[in-house]
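Me: I would like to go through one protein structure in short steps. Please show the sequence and the model before we start.

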Amino acid sequence: VVTADRTVRFEDLMRAKSVADRVEVPEAEGAGGSGSGPDGLQLDRVWQVYADSRETLTVLRNLRRPTCSACADGHRFKHLRELQDHARTAHQLHFCDVCLRSKKAFFEEQLMFTKSALKKHQQDMHKMCKFCNQRHYSEDELYAHLRDAHFTCPVCERRGLFHQYYNTYEDLEVHFGEDHFPCSHEECRQTKFIVFTTEFQLKEHFLEKHSKGPVQVGATALGRRAA
């Protein structure tokens, strides 16, 4: 239950919830934005919390409204784009898109920057993916992006070599061929990630999976360039 005193614990909860809801204010902020709960409590349907009064509901709604911290009266807007346009034209200030996307803060707590200060802020605070040229809020978010959108070498990681990334699987295949022992059989190439630490392991795999009888397997056929 949220009370009008807005304790720190409540604000921390609302900050966490606000990240997913900050792009646009829901259209149902009127009658559809609240409802009655037990003991006369008021339900905020957007954040799914109960408030002790309609006045507290107004506090909740204002917290998620795009708000200009540079205006003395805390000017509020319906949409984020309106706030960004206002900050640029009225104050010559800019929001950091990365912070807006990921920082757990209300709009009125988001920092605004001059153009030069924004560039420095992003360079200092938000790491860039060298493949996508896209900045991420924290190093953890960057690594999560690299793991999800790009590729790592399972053989290198088994050897304890981490944080080595490749843009595409084709790039990773080049690495496999240069530093490890991939199987070049078409079935394994379609399966992907069939690669071994030693030539002996690759020969064992080739004879077990792709040969019906004794066969001599050369380095080129194994997927590694002949010396």
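Me: What is the relative accessible area of R88?
Reply: This is a predicted model, in which local features need pLDDT of at least 70 and side-chain atom pairs count only at pLDDT 80 or more, while totals for chains, interfaces and linings use all residues. Residues are numbered from 1 along each chain as its sequence is written, and side-chain values use heavy atoms, with hydrogens and water left out. Buried means under 20% relative accessible area, exposed means over 50%, and partly exposed is in between (1.4 Å probe, protein chains only). R88 is partly exposed, and its relative accessible area is 37%.

Me: Which residue meets R88 in a salt bridge?
Reply: Side chains of opposite charge can pair when their charged atoms come close. A salt bridge needs a side-chain nitrogen of Lys or Arg within 4 Å of a carboxyl oxygen of Asp or Glu. For R88 the N to O distance is 3.0 Å, and the partner is D85.

Me: How are R88 and D85 placed in helix 3?
Reply: Helices (H or I, at least four residues) and strands (E, at least two) are DSSP runs, numbered from the N terminus. An α-helix has 3.6 residues a turn, so residues three or four places apart point the same way. D85 is partly exposed at 29% relative accessible area. R88 and D85 are three residues apart in helix 3 (residues 80–91), a separation of about one helical turn.

Me: How far apart are the closest N and O atoms of D124 and K120?
Reply: D124 and K120 both lie in helix 5 (residues 115–125), four residues apart, which is about one helical turn. D124 is partly exposed, with 45% relative accessible area, whereas K120 is exposed, with 52%. The two residues form a salt bridge whose closest N and O atoms are separated by 2.6 Å.

Me: How many residues apart are R189 and E173?
Reply: R189 is partly exposed at 43% relative accessible area, and E173 is partly exposed at 25%. The two form a salt bridge with closest N and O atoms 3.6 Å apart. This pair links distant parts of the chain, with R189 in helix 9 (residues 186–191) and E173 in helix 8, and the separation is 16 residues.

Me: How many salt bridges does the rule give?
Reply: R88 with D85 is one of them, and R189 with E173 is another. The count by this rule is five.

Me: Which residues of helix 8 are buried?
Reply: Helix 8 spans residues 169–179. Contact means heavy atoms within 4.5 Å. What covers the buried residues includes strand 8 (151–152), helix 7 (154–158) and strand 10 (181–182). The buried residues are Y169, L172, H175, F176 and G177.

Me: What is the angle between the ring planes of Y169 and F193?
Reply: Rings of Phe, Tyr and Trp (its six-membered ring) pair if their centres lie within 6.5 Å, and planes under 30 degrees apart count as stacked, over 60 as edge-to-face and the rest as tilted. The whole structure has five aromatic pairs. Y169 and F176 form an edge-to-face pair, 6.4 Å centre to centre with 75° between the planes. The rings of Y169 and F193 are also edge-to-face, because their centres are 5.1 Å apart and their planes are at 65°.

Me: Where does F193 lie?
Reply: F193 is partly exposed, with a relative accessible area of 38%, whereas Y169 counts as buried at 6%. Their pair ties together parts that are 24 residues apart in sequence, because Y169 lies in helix 8 and F193 in the loop between helix 9 and strand 11.

Me: Which residue lies over the face of Y169?
Reply: Y169 belongs to one aromatic cluster with F151, F176 and F193. A charge sits over a ring if NZ of Lys or CZ of Arg is within 6 Å of the ring centre and within 35 degrees of the ring normal. At 4.9 Å from the ring centre of Y169, the residue over its face is K192.

Me: Is H136 buried or exposed?
Reply: H136 is in strand 7 (residues 135–136). Leaving out residues up to four places away in sequence, H136 touches several residues, including V98, H126, C129 and L142. Its relative accessibility is 7%, so H136 counts as buried.
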